[in-house]
Amino acid sequence: MSWQIEALKKSVWVFHVNTGACNNCDIEIVNLLTPKFDVERFGIKLVGSPRHADALLVTGAVTAQAAPRLREVYRQTPKPCVVFCIGACACGTGIFETGYHIVGPVDKIIKEIDPDAIIAYVPGCPPKPEAMISGIVKALSAI
Amino acid sequence: MGAVLEGKGKEMSTPLNILFWIVVVPGTIVLGLVASWIARKVSALVQWRVGPPLLQPLYDVMKLMGKEILVPQEAQRTVFMMAPLVGLAGVLLLSIMLWRITVAQTAFVGDIIVAIYLMVLPSLALILGSSASASPHAAVGTSREMKLVMGYELPLVLAFIVVVIKTGGRLNLAAIAQHTTVLSISGMLAFLVALLCVQAKLGFVPFDIAESETEVASGIIIEYSGALLAGWKLMQTTMLVALPLFLVMVFLGGFGTTGWALAAGIGKYVLVLVLIILIKNTNPRVRIDQAMKFFWVYCGIALVVAIILAAIGSSCGINWL
Amino acid sequence: MDQQELNAKLSEIKDKLIGIEQKADNRISLLCEAENSYAVNKFLFEDVPLRFVIATGLDSDDCFEVIYHYSYDQTGCCINLKAFIRDRENPAIESIAPFLPGAEWIEREIHDILGIDFKNHPDMRRLILADTWPEGVYPLRKDAKMPAERPDGEPSSRPMVQSQSPARRTVQLSKPVVPVGPFHPLQEEMEFFQLAVDGEIVTDIDMRISYNHRGIEKISESLQFDQVPFLVSRVCGICSASHPTAYVNAVEEIVGVTPPERAQYVRVIINELERIHSHLLWVGLAGHFIGYDTVFMWAWKYREPVLDLLEEITGNRNNYGNVKVGGCREDIPNELVPKMLKELDKIEKKTEMLTKAVLDDPVLHARLKGVGILSKEDAIRYAVTGPTARGSGVAIDVRADDPYAAYADLDWKVISQPEGDVFAKAVVRLLEVLEALKMTKEALKKLPDGPIAVEVKEVPPGEAVGRAEAPRGETFHYVRSDGGNRPVRHKIRAPSFVNVPSFRASCIGQTISDVTITLAAVDPCYSCTERLAVVDSHNNLIHDYEALLRLSREKTAKLKKEIGAPEWKMEDF
């Protein structure tokens with residue numbers, strides 16, 4: 001499995017999934033993918049279909065309505081893949097922990113269908129684009 | 001195919017033969033990856049960005065090879081899985097054919113027709129593959145791609161006919177390559193049309209209607225993943241070798257194998273590549289109906305003019321027409 | 001009509017009320033029984049007339065209350081109509097949606113969270129709770145038992161709640177399909193907005209929300225009063241200054257305290273800076289939708305200095321956490337002011353250039369004028385606020401109508417345009433950015449000395465409404481306290497809640513190439529706009545979001561060619 005992971009680190013195509021976020025993280029992700037930060041340098045590219053994705057950028061604390069979609073998107077992403085939990089909500093539900101409509105956080109939902117999933121956490125509320133790049137690069141080199 | 005390739009012409013000694021096969025097939029693929037990198041790097045620089053490292057296209061392909069292949073449940077399995085291989089095979093065969101004509105001088109009468117057939121294979125494969133994927137997203141792209149193919153295939157063939165007329169009606173690539181048909185009015189017209197048809201075939205801006213670089217979701221290969229997607233990517237990158245090379249042989253006087261001719265050949269290939277990349281970076285994407293109008297009307301008119309001029313020039317011996 | 005005349009007018013329905021409370025000059029509460037609520041509401045909305053804001057449902061131990069909130073914008077008066085539903089077993093009340101489409105969604109929401117039946121509601125489907133949420137569990141009831149099992153289920157077990165009045169909807173909601181197979185967004189979730197078309201024209205639209213429902217109002221009841229601002233600033237990331245401002249306005253009214261002047265000015269500065277970068281974000285997205293990518297890159301580029309300023313003042317680019325009950329947490333150091341003024345000057349110059357270019361560009365005129373018109377009547381019936389209203393000739397603005405913070409001290413004007421099309425709304429937003437820049441600079445220059453907060457130890461029993469003008473419109477909070485240290489009920493109404501339903505009025509009759517920009521004109525949250533799809537009557541996907549985006553951009557390109565205007569380059573700005 002190792003050469004696949006090595007190649008994965010150099011060419012990461014990302015797909016963005018919003019599971020009920022306040023949009024701050026999502027806006028910072030869009031910021032990330034504008035030419036200013038030039039993530040193509042790292043082999044990162046935004047794709048519009050999970051089937052082309054190597055990494056899922058997941059925001060939000062996972063509401064009950066969004067959970068089935070998150071599971072489906074993960075299933076449709078060819079393995080090996082990395083799930084990045086972007087922001088405090090995705091990492092651990094953050095301030096919405098006691099919400100009755102919240103079934104997350106993201107790793108709980110993902111681990112139910114794939115206990116061996118590779119999950120990385122980029123905390124912040126929201127994490128700045130530089131923090132996201134740093135988080136992604138660090139996570140990739142640690143895999 | 002082997003028999004055809006070994007047809008008339010200079011026999012290569014066996015060690016050279018083996019060397020050819022070992023070097024050319026992977027070499028073409030590698031050259032395609034490098035050409036693809038050049039295109040991406042230039043795009044990045046134009047946007048004041050740094051862009052990807054040299055090995056990025058290789059990393060992309062390797063990464064894809066290591067991923068799962070997900071096949072949609074309702075898809076036509078066999079066609080779905082064979083389509084990228086068919087496309088890639090077509091391009092590789094075309095490259096091999098062109099290299100052998102250059103190196104081993106194995107041209108034969110009618111080889112230009114075979115080359116045109118092989119050139120159509122990638123587009124057909126894309127259409128087949130996306131139809132087989134049973135995806136509504138892909139379906140939208142498929143119909144666009146089909147329209148686009150209907151748009152440019154005819155002008156492309158007509159452009160080659162111009163050259164055939166100019167070079168005295170011989171359907172032999174080696175013979176055609178002796179002439180530099182671009183240095184004439186009809187030749188220049190035909191070359192420009194053919195260049196734009198190649199741009200469309202490569203799926204580059206301004207004709208990236210069916211699959212755009214940043215919006216892959218609306219692309220016709222949306223359902224593909226893993227090694228199959230790698231196949232498509234390799235097909236696209238290898239086309240960056242085969243198609244410009246084809247143009248060089250038909251319009252720009254061919255590719256030599258030794259000394260000055262070799263350097264000139266490389267220069268001509270680079271020139272065509274640069275033209276393709278320039279067109280890509282200085283134009284916005286056009287709509288499908290605009291593209292159709294462009295190919296059928298403007299290119300059609302240009303080619304009719306070119307054919308008439310070529311016919312006159314050929315029969316009256318006026319080369320610059 | 002001034003306040004006295006208003007009071008006189010309200011007493012015309014005295015016979016249907018059981019009480020009138022007037023806490024302050026511009027805060028009135030009318031009390032009535034549930035049976036009379038329809039007649040009183042009709043009177044308030046049509047005869048006075050008042051602007052409908054939102055309704056709050058709450059569980060009051062011995063009865064249910066539905067509080068209808070209205071606003072009389074000429075005097076900034078907030079009028080609450082409290083309707084008491086005495087029957088706890090089968091709570092029911094007459095729906096006001098037949099004459100007030102703007103109340104449709106909130107009645108569905110109250111039904112979801114409290115189980116109150118709204119009789120004669122045109123479309124009582126589930127709104128904010130997930131499809132898999134069990135029937136009969138009403139989260140905001142005091143005795144609510146949350147489901148023992150996690151309510152998200154597997155897709156195949158997801159029940160679809162069908163409309164109870166099938167004649168109403170022409171877009172039938174799809175039955176659940178087991179989602180294996182190609183990546184088809186309709187098979188795995190219903191799109192946020194589903195449009196039905198006849199050829200190229202939109203004939204109907206259906207909207208499903210719930211993806212973002214985090215149960216914030218309930219969480220608020222478990223937090224202390226001073227913890228709530230942190231929660232509500234995350235309701236929406238880009239209105240994250242306005243929500244705490246509205247909330248503390250309400251709580252400060254209950255406590256009876258006025259924050260010090262300096263705090264008022266700091267609140268203005270933060271809110272206006274947020275307005276600037278939110279509107280610039282909108283400009284960028286709108287540019288992207290119609291294919292003006294230069295505008296997109298420009299807008300995102302010039303947002304950055306504003307975000308940097310906010311980071312310097314508050315410590316974060318978003319989610320500032322600066323507003324608290326009684327004042328502000330962080331002060332703006334006086335040494336920082338000259339630097340801020342310089343930055344704002346730069347941004348002002350660039351914005352003026354862009355505004356001029358937008359107002360002069362013939363292609364933009366052709367592309368956006370007459371597109372997505374929301375008529376003034378519809379704007380009132382759907383109770384919209386913010387630039388969506390002001391771009392349709394309804395010149396309401398909380399900062400002017402019911403001033404809070406330091407807005408009454410500053411020299412500024414309300415921007416409004418009468419046409420109601422997308423162009424008008426774009427103009428309103430751009431001009432508001434310029435006004436906001438002016439206001440921020442003025443506030444910085446006039447920043448008074450003094451403390452930054454007063455200490456608030458206790459919140460006595462009481463209730464109040466608090467509002468603020470967010471970039472998208474009026475943010476409205478209703479807070480009720482019983483003397484403890486947590487809110488008993490906290491109703492949060494974000495402006496998009498009333499603006500987004502108006503999309504139905506502005507979208508039907510448009511061509512599909514105009515759908516994305518019409519939706520953008522309402523300025524919903526960013527993620528909402530991606531969930532857009534056109535389906536046929538069998539729920540087959542005709543166009544997804546990508547296709548609609550492409551159609552929109554192609555239309556612009558075609559217009560550009562016909563009109564022959566030059567291309568916009570980054571260097572020009």
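Q: Which domains does the domain assignment of chain C give?
A: This is a predicted model, in which local features need pLDDT of at least 70 and side-chain atom pairs count only at pLDDT 80 or more, whereas totals for chains, interfaces and linings use all residues. Residues are numbered from 1 along each chain as its sequence is written, and chains are lettered from A and ligands numbered from 1 in the order in which they are written. For chain C, the assignment (automatic or from a database) gives domain 1 (3-168) and domain 2 (223-370 + 445-495).

Q: How many residues does the contact take from domain 1 and from domain 2 of chain C?
A: The centres of these two domains of chain C, taken over C-alpha atoms, are separated by 28 Å. Contact here requires C-beta atoms, placed from the backbone, to lie within 7 Å, and the residues taken are 7 from domain 1 of chain C and 6 from domain 2 of chain C.

Q: Which strand of chain C gives the most to the side of domain 1 that touches domain 2?
A: Strand 3 (51-59) and strand 4 (64-72) of chain C are the elements giving two or more residues to that side, where strands are DSSP runs (E, at least two residues) and helices are H or I runs of at least four, numbered from the N terminus. The most, 4 residues, is given by strand 3 of chain C.

Q: What percentage of chain B counts as buried?
A: Chain B has 11 helices and 0 strands, and 80% of its contacts between residues at least 6 apart in sequence join residues at least 24 apart. A residue is buried if 20 or more other C-beta atoms lie within 10 Å of its own, exposed if 12 or fewer, and partly exposed in between. Of the 321 residues of chain B, the buried share is 49%.

Q: Which residues have the most contacts inside the largest nonpolar core?
A: Such a core joins buried Ala, Val, Leu, Ile, Met, Phe, Trp, Tyr and Cys residues through C-beta atoms within 7 Å. The largest has 311 residues, and those with the most contacts inside it are L56(A), V58(A) and F84(A).

Notes. Contact = placed C-beta atoms within 7 Å.
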